[in-house]
Amino acid sequence: MENTKRTVTCGELTKADVGKKVVLNGWVSRTRDLGGLVFIRLRDRYGITQVMVGDNASEEVKKIASSLKSEYCIAVEGVVAARADKDINKDMATGEIEVEASDIEIFTTSQELPFSIEEVRQKDGTIVLPNEDLRLKYRYLDLRRDPMQQNIILRSQVTFATREYLTSKGFLEIETPTFIKSTPEGARDYLVPSRVHPGKFYSLPQSPQLYKQLLMVSGFDKYFQIARCYRDEDARGDRQPEFTQIDMEMSFTNREEVLSTTEGMMQYIFKKTLNYDLPAKFDRISWEDAFDFYGSDKPDLRFDMKMQDATFMADLADFNAFKAGAANAGRDIQRHKRSGLKALVVKNVADKYSRKQVEALEAVAKTYKAKGLAWMKINAEGVFEGGISKFYAGKEAEVCEKLGAEKNDLLLFVSDENWQLACTALGAVRKQLGKDLNLYNPSDEFHFAWIIDFPYFAFNEETQSWETEHHMFTLPQKQYWDTLESDPGAVKGDLYDLVLNGYELASGSMRINDPALQQRIFKIVGYSEERAQKAFGFLVQAFKFGAPPHGGIAPGLDRLIMLMRHEESIHEVIAFPKNNLAASPMDECPSAVDEQQLKDLHITCYDVEE
């Protein structure tokens, strides 16, 4: 073949190209040898084209075609031909044509694959995947699979759309340092030893938080960055030691502007990349209402099953388990005024749910420290049965009226002295029911909501001290400034979370710009002036030179792409992620280094007993 450089991709040929001479490059997806007639599915990132080697091909080309195996990388020269009507593949963008090969050149061969690049499906339609460590060991092969290609392509498109939108709104993209001072920000820092400063370390940033605030002091009133962040956290779920966030900060702003700017960015991203129209305004729910109605500060609102206050149930019957939850409203140190006796009405499922299934839901509630899950059904005659029904026999009319329950409904209850515990446990049951019963509204594929009015402080029972719910630079809402020290449990912060389909997608806040107010917060959480100066002195010092009011937010890019692609792990949308032990099976990192490298860094390693 004189010219092996492709003239078209494997995804662009249509019936309008019939008769054209083309050159394709790609990987052999599969072959079919019908004895004198060989069909090749050739794949690149743009799509798949069927290549046909028939009677008109030379003997040499037929020989090469018969030798091809999966994942051989080849060039094909040939003429575009129309498929017969009976052979048209409507599931392929190029399904109306095929390329009749006149020449084939093999760039490279492939050894036997550790797993199939082609989808393997079970009878029920589910895709069979190799175990994750095998996929990560051969990630470059895993990335050839079409779902992974689409994930990474969307990630690129979303990143570009983000830059387009924010730049159009006057934001400047500014890079902040990767080697920074280690500061206490929640998770452990990744430390980088300094060769030229023996015994001293840089830290990799958990976020650009302090630097973006310094940029506001510097006069750059609208900043953004597609920021790499690093957190040395214990293995859990799909956490990654390195992740990416869309970091934003604005000066001379308020909460309303930050929220509306973020809404506009999400609307632009979804329309540009998925052609999906998001609502003009997202729901807004206070932190207390989110827990009270949904049992979570990141509720899944694709289905409308609200938890209800069931305090009245404690007075209707002599059922001791309900007494404590109903009596404890407003007694906790955080000043929450809600009842710890919560109810959930599950519509029209009483005849479908067995006792065993209810016990499975109870196990979910107990995972979140509930003492149990009380329940009863309303039968076809409107009478309570099962569970705690004997305590409420004859009280059906009053209970059903107050809870909005009807025949064939299942009633579930959690009671606890701790309001938040009761809400969380029943909220986990609600979430499980949404999944089990597929309650999601198909027309509400992406449901965003803002959670606002968070408590500013959380009380640590172990240390008997106050901690900030978000971070120490969050601005308390102004009406609480006079009572910060005297009543920290009542203080609400000017902070906000963006939630999508039951996941926290972004967290942000207005920031403190007054050094005196910042010192008060440090003092409440037990930071002495000396300790605060050592950790954050450069930021506090900057605030003494005319710091503007400012605030921001940082949506997680990995999680956003995961939710847009309906994946269940951020591993699926990162090109080269680590596994759940923060290791990479592909390049075997973390790994030992040469003794001389350690010596240059003034580091000595010791064996640690298991």
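Strands β9 (residues 222-230) and β10 (residues 242-251) run antiparallel and are joined by 9 bridges; strands count as paired if DSSP finds at least two bridges between them. Within this pairing, Y223 has E249 of β10 as its bridge partner. Helix α5 packs on the sheet, where it touches β9, β10 and β22 (550-553), and its direction makes about 25° with that of β10. Contact here means heavy atoms within 4.5 Å. Angles run from 0 to 180 degrees between N-to-C directions, with axes fitted to C-alpha atoms, for helices over the stretch in contact. Helices (H or I, at least four residues) and strands (E, at least two) are DSSP runs numbered from the N terminus.

The model is predicted: local features need pLDDT of at least 70, side-chain atom pairs count only at pLDDT 80 or more, and totals for chains, interfaces and linings use all residues. Residues are numbered from 1 along each chain as its sequence is written, and side-chain values use heavy atoms, with hydrogens and water left out.

**The open sheet**

β9 and β10 belong to an open sheet of 8 strands with mixed pairing, in the order β6-β9-β10-β22-β21-β20-β17-β11. The edges are formed by β6 (172-173) and β11 (283-286), each of which has a single partner strand, so one side of each lacks a neighbour in the sheet. Helix α15 (residues 557-564) lies across β9, β10, β20 (495-500) and β21 (503-510), at about 140° to β21.

**K212 in helix α5**

Helix α5 spans residues 209-217 and contains K212. K212 has a relative accessible area of 1% and is therefore buried (buried means under 20%, exposed over 50%, partly exposed in between, with a 1.4 Å probe and protein chains only). Its side chain makes a polar contact of 2.9 Å with the side chain of D247. Such a contact is a pair of N or O atoms within 3.5 Å; within protein, one must be able to donate a hydrogen and the other to accept it, and residues adjacent in sequence count only if both atoms are side-chain atoms. Beyond its neighbours within four places in sequence, K212 is in contact with Y223, D247, M248, E249, R511, I553 and A554.

**Aromatic pairs and charges over rings**

The structure holds 27 aromatic pairs. Rings of Phe, Tyr and Trp (its six-membered ring) pair if their centres lie within 6.5 Å; planes under 30 degrees apart are stacked, over 60 edge-to-face, and the rest tilted. Two of the pairs are tabulated.

| Pair | Centre distance | Plane angle | Class |
|---|---|---|---|
| Y211 and F538 | 6.4 Å | 35° | tilted |
| F270 and F448 | 5.6 Å | 85° | edge-to-face |

Y211 lies in α5 and F538 in helix α14 (residues 529-542), so this pair ties together parts 327 residues apart in sequence. Y211 is partly exposed at 22% relative accessibility, and F538 is partly exposed at 31%. F270 in helix α6 (residues 255-274) and F448 in strand β17 (residues 448-452) are 178 residues apart, and both are buried.

A charge sits over a ring if NZ of Lys or CZ of Arg is within 6 Å of the ring centre and within 35 degrees of the ring normal. R430 lies over the face of F303 at 4.0 Å from the ring centre, and the charged end of K137 sits over the ring of Y138, 5.8 Å from its centre.

**The barrel**

Elsewhere, 5 strands close into a barrel of mixed pairing in the order β1-β2-β3-β5-β4.
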